[in-house]
Amino acid sequence: MVRDQIEQYFDRPEAAEELVAAVKRLVSIRSVRGDAQPGMPFGEGPARALEEALKLCGELGFETENVDGYVGTARLGQEDDGVHILAHMDVVGEGTGWTKAGPYEPQVVDGVLYGRGVADDKGPAMAALFAMKAVKDLGVPLKKSVRLILGTDEESGSSDIAYYYKTHPYAPHTFTPDADFPVINVEKGHYHPDFGASWDVSGALPRVTAMEGGFRTNVVPPEAWAQVAGVEKAALEKAVAAAAATGAAFTLEGSGTDWRVACKGTNAHAASPEEGNNAITALLEVLSALPLADCGSTAAITAMHALFPHGDTRGKALGIAQADEESGELTLNLAIMKLCETGFSAKFDVRFPICANEDNCARACEKSLGRYGIAVTGDAGMTEVHCVSADSPFVRTLLECYETYTGERGAKPLAIGGGTYVHDIPGGVACGCQMPGARPNMHGADENISVADLITAAKIYALAIVRICG
């Protein structure tokens, strides 16, 4: 049976060694988006990672193509495409707090591989590639081709995949190994408004003169700082002590009545904001407890603390909390905030369920902000929820392949807040690579994935290729 052949193929010790070595090659390249250059639409890092990935695919015997630096492809078979597997080579910034390995110096510790991108998404990409290699090496005949499509801009909007599909047809079946097992058939919609307020310069004391936190919309901000003037150190220490329940770490630098307050939280993926510790909202806890003068920055601090209290990752204070049985709860991450002497700007990341709409989400948010004189700026439209029937033959096949190698029975598809490459692709779903119960720390320090889970994923993908294209 092909099922047993795949099992035996990946149970060889060298199979894990080869897969891990391939992941390490890619993870060692810092592929954070940078400035565009000729042939490198998303900067040098993503381009280098794509080049190395295609080189690796060629070494394994696959036909490859670099599509203008946006994506690269590796193909198994010579017939029309039956399956597209979408993965990405770009990563988010490394952040701070790494302990198990350097973010670009991947290491295996007690059977777990650590490094930026091992789980999101270089490790899963290699699991899919080696699944294709297994099908090729085992000589399984295919009636349809399978194409691995490696992108370079997933973390910053997925314009790479949009570019590819402008000139290439969709496959009958598409999945991405960039989420959770068993199968993700629902991806929540996104709402990412920019908002803020302005005021005249004030000389009132005490006041907050500057504040900054966050660096990406889809990351829980791990650090934030504020500059305060006219505040005694004792008052700051009292406010910091009152904010101890946030679990964040605070440091004070300065002298007299001029101080810089720094806050260190924990980053996490914005789709699961409860897994992080938001440094911006924690810092607002401190600032709102200070005896500040009546001025524009004080009004902004007061409003932001009221609308985004620390630990409110469901938008209750903002008036947009909601949930449904099929797609779960709305999640909210206050991601970026900058304040100066004349105003502030901010941005949050909301992932909303099927039941959300313009009235109960976007308009409700604007109404809550408006009560404090804060306005949404620019076009802040809501994206659509992506939903594929749980009863589709494609979803059922992937579930069966998952059950075959995990032993789980009765697996059900899931809904997630994360948006993947398939969000706008008809019939596309996410499948793995995160196993139930795993904590990969995607977008955080010590990002990780179990080597055993990578091997299991490769088995699942190999069987899926055979079932769909064979």
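Predicted model: local features only at pLDDT ≥ 70, side-chain atom pairs only at ≥ 80, totals over all residues.
Is Arg207 buried or exposed? I opened my notebook with that. Arg207 has 11% relative accessibility, so I wrote it down as buried. The cut-off for buried is under 20%.

**Entry 1: the partner of Arg207**

Next I looked for a partner. The side chain of Arg207 meets that of Glu341 in a salt bridge, with N and O 2.8 Å apart. Arg207 lies in strand 12, residues 207–213. Glu341 lies in the loop between strand 18 (331–340) and strand 19 (343–352). The two are 134 residues apart in sequence, so the pair ties together separate parts of the chain. I then checked how open Glu341 is. At 29% relative accessibility, Glu341 counts as partly exposed.

**Entry 2: the cavity**

I searched for cavities of 30 Å³ or more and noted one. The volume of the largest cavity is about 40 Å³. Which residues line the largest cavity? I listed Trp199, Asp200, Val201, Ser202, Arg207, Val208, Cys295, Ser297, Cys340 and Glu341. Both Arg207 and Glu341 are in that list, and they are the pair from my previous entry. I sorted the lining by class. Five residues are nonpolar, two are polar and three are charged.

**Entry 3: salt bridges in the whole structure**

How many salt bridges does a search of the whole structure find? I wrote down 21. Side chains of opposite charge can pair when their charged atoms come close.

I picked out Glu94 and Arg30. They form a salt bridge, and their closest N and O atoms are 3.1 Å apart. Glu94 sits in the loop between strand 3 (81–88) and strand 4 (107–109). Arg30 sits in the loop between helix 2 (13–27) and helix 3 (44–59). The pair therefore ties together parts that are 64 residues apart in sequence. I looked up the accessibility of each. Glu94 is partly exposed at 22%. Arg30 is partly exposed too, with a relative accessible area of 39%.

**Entry 4: a buried pair**

I turned to Asp349 and Arg351. Their side chains meet in a salt bridge, 2.6 Å from N to O. Are Asp349 and Arg351 buried or exposed? I noted both as buried.

**Entry 5: a network**

Which residues are linked in a network of salt bridges? I found Arg3, Asp4, Glu7, Asp11 and Lys459 linked in this way. I closed the notebook there.

Note on methods. Residues numbered from 1 in each chain as written. Heavy atoms only, no water. 1 Å grid on protein atoms, 1.4 Å probe; cavity = no way out; pocket = protein on both sides within 12 Å on 5 of 7 lines; lining within 4 Å. Points joined across faces, edges and corners; volume = space filled by probe spheres on them. Nonpolar A, V, L, I, M, F, W, Y, C, P; charged D, E, K, R; others polar. Salt bridge = Lys/Arg side-chain N within 4 Å of Asp/Glu carboxyl O. Helix = DSSP H or I, 4+ residues; strand = E, 2+ residues; numbered from the N terminus. Buried < 20%, exposed > 50% of the residue type's maximum accessible area, 1.4 Å probe, protein only.
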